[in-house]
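Let's take a friendly walk through this structure together. Keep the sequence and the 3D view side by side as you read.

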Amino acid sequence: MKRMLHFLQVLVAVSFLSVVAYGQEKAPFIFSGRKQGTIETVQKNGTTYLNLQQTARKLGLNVELFARSKQAKLTTRGFYAILTAGINELIVNAQTVKLSAPVLIDGGDMWAPAEFFELPVLQQSLAKEIAFTNGELQVERPYDLARIDNELLAKEDRIIFNPRRQVTWTSAQPNPHTVEITFPDTGIKRVENFRLKTGHISSVSIRQDRGNTVVKTILGKQGKHWTVEEHSGKIYFRVGRENLQPIQDKPAAPAEKPVAKTPQTNAVKTTSAADEPLPAPSVTDDSEDSIPAGTPTMAVAAVPEMKPTPQTEIKPTPQTEIKPAPVAAISPVHKKMRIVIDPGHGGKDPGAVRSRTREKDLNLAVAKELYKLLQKKNFEVKITRDNDTFIPLSGRSKIANTFKADLFISVHTNSSKNKNANGFEVYFRSEKATDKEAADTAALENEAMQYEEVHYNFVDALLQSLAKNEYINESSKLAGYVRNAVYKQPGIGIAVNQNSSVRQANFYVLKGVQSPAILVEMGYISSNKDRGRLTQSAVQKKMAQGIFNGVLNYAKNEGWIN
């Protein structure tokens with residue numbers, strides 16, 4: 001009898017396995033319009049099931065499996081759920097929730113109906129909009145604003161946005177080639193970087209910055225006049241070569257009998273905001289099994305369905321309240337890019353020392369060469385020290401902020417207990433280091449604080465630790481330009497690894513700088529080869545030239561110079 005029961009159990013298990021295995025497919029996981037890997041799916045009795053563990057990990061949920069009870073527990077802040085194989089009831093935040101189909105189990109995998117991940121309480125806890133549609137699991141941040149189209153016309157270009165709710169904006173022109181529009185307390189559907197390369201608009205960057213949406217546009221040579229205006233429930237950013245007249249409604253065609261004319265809105269071609277934008281600069285290396293680190297989220301009272309808000313609900317702020325100043329009245333803060341060059345260490349702080357070679361001397365020599373190159377190109381440049389002087393780390397960032405710097409470049413030479421360590425690296429600041437080696441490098445450079453007679457006070461340290469670096473993306477971009485230029489610069493003779501030389505770590509000297517900031521590690525003073533190269537005057541000039549070329553390329557791309 002026992003053998004018969006065992007046989008039946010095996011038969012049922014094999015039968016179930018064949019059902020699950022049959023028709024198993026991989027569905028794209030789409031986050032903010034971009035594919036972030038795939039998840040396994042299966043069809044059974046007309047229901048689409050998603051692999052519970054895979055999907056949970058990608059959404060950032062913690063998941064635990066209990067083999068004996070055939071249960072799974074999923075948790076995140078403000079949410080927990082207990083799912084049991086074989087039944088369609090689950091416990092969510094101490095409440096019973098019914099699904100249209102039961103949870104399945106197959107060996108070490110559990111499968112949940114797709115509708116589970118669309119539960120409003122789960123979406124609210126994750127601050128995400130989730131829908132399984134067209135064979136894809138689509139995940140969006142809750143958003144208030146979406147770019148829906150670009151219109152390229154003969155006399156002007158238009159970037160068109162669709163708001164889900166009432167929004168306001170401010171606009172500014174920090175330099176002759178750049179326009180920035182800020183939508184306060186507004187979430188954008190897509191973070192994008194794309195090029196139009198027309199006479200009016202060269203490129204556009206749309207990013208999320210501390211809960212605000214910021215649209216940064218590099219103007220083309222014919223982009224002399226611009227405006228931001230609301231029309232028919234849409235927001236238009238317009239750039240042209242001549243003064244721009246307000247958008248006019250098209251009049252209705254005349255009828256045979258006199259009737260009241262009803263305004264008709266201009267036809268607006270609406271395309272997906274995800275029309276293959278160029279990828280935004282990567283800040284961290286995220287695994288395929290998770291939503292990208294640092295993704296902004298927003299607390300929401302209730303998660304709406306994946307449907308656009310009806311047009312009648314959109315009530316933009318009246319133009320009189322949000323109308324920006326005329327272009328002619330906007331004066332740039334300063335027309336030339338301001339750059340602070342910071343030779344690391346100095347005075348009583350020698351930095352790393354090997355064979356009578358002191359890091360502070362190498363840093364100063366290259367920094368002074370870089371200073372000369374930037375001055376010749378007509379940048380406004382300041383150097384934190386031009387001799388063997390000690391400056392506290394916090395004092396260096398204060399110099400940059402007082403100068404109202406647009407870029408901050410700290411020049412250093414690396415060191416390691418590993419004698420084989422070598423090569424050029426460039427860092428931007430992040431609380432999370434790329435790896436242990438990056439953390440060790442930051443710790444080494446932060447040791448300069450021991451030479452400060454008056455250490456930074458606790459309140460300042462606390463405030464800085466809580467503050468987010470709003471310039472992290474731009475710093476990452478600048479680091480990439482510098483790395484590429486040094487890699488291409490002949491005559492340096494120091495290795496530049498294209499895959500791992502742009503890194504991130506928590507450098508105190510970069511922490512308080514209110515601009516994009518990078519720390520260059522020119523090579524390893526602990527490496528005989530690197531040290532031998534960096535002590536040569538000709539190599540120091542080549543290194544400065546490489547860094548300069550990277551800064552120049554960044555400035556051109558950002559519209560500071562043509």
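How many of the residues of helix 2 are buried? Before the answer, a word on the model: it is predicted, so local features need pLDDT of at least 70 and side-chain atom pairs count only at pLDDT 80 or more, while totals for chains, interfaces and linings use all residues. Residues are numbered from 1 along each chain as its sequence is written, and side-chain values use heavy atoms, with hydrogens and water left out.

Now to helix 2, which spans residues 52-59 and is mostly covered, with 7 of its 8 residues buried. Helices (H or I, at least four residues) and strands (E, at least two) are DSSP runs, numbered from the N terminus. Buried means under 20% relative accessible area, against over 50% for exposed and partly exposed in between, using a 1.4 Å probe and protein chains only. The buried residues of the helix are L52, Q53, Q54, T55, A56, K58 and L59. After helix 2 comes G60, which has a positive phi, near 85°.

Next, let's turn to charged pairs. A salt bridge is a side-chain nitrogen of Lys or Arg within 4 Å of a carboxyl oxygen of Asp or Glu, and a search of the whole structure finds 20 of them. One of these joins E129 to R164, with the closest N and O atoms 3.0 Å apart. This pair links distant parts of the chain, 35 residues apart: E129 sits in strand 11 (residues 129-133), and R164 in the loop between strand 14 (156-163) and strand 15 (170-175). Both E129 and R164 are buried.

Another salt bridge connects K477 with E558, whose closest N and O atoms are 3.2 Å apart. K477 belongs to helix 9 (residues 472-488) and E558 to the segment after helix 12 (537-557), so this pair ties together parts that are 81 residues apart in sequence. Both K477 and E558 are buried.

Which residues join up in a network of salt bridges? They are E151, E156, R158, E229 and R238. You can find E151 in strand 13 (residues 145-152). E151 counts as buried because its relative accessible area is 15%. Although E151 and R238 are 87 residues apart along the chain, their C-alpha atoms are separated by 9.3 Å.
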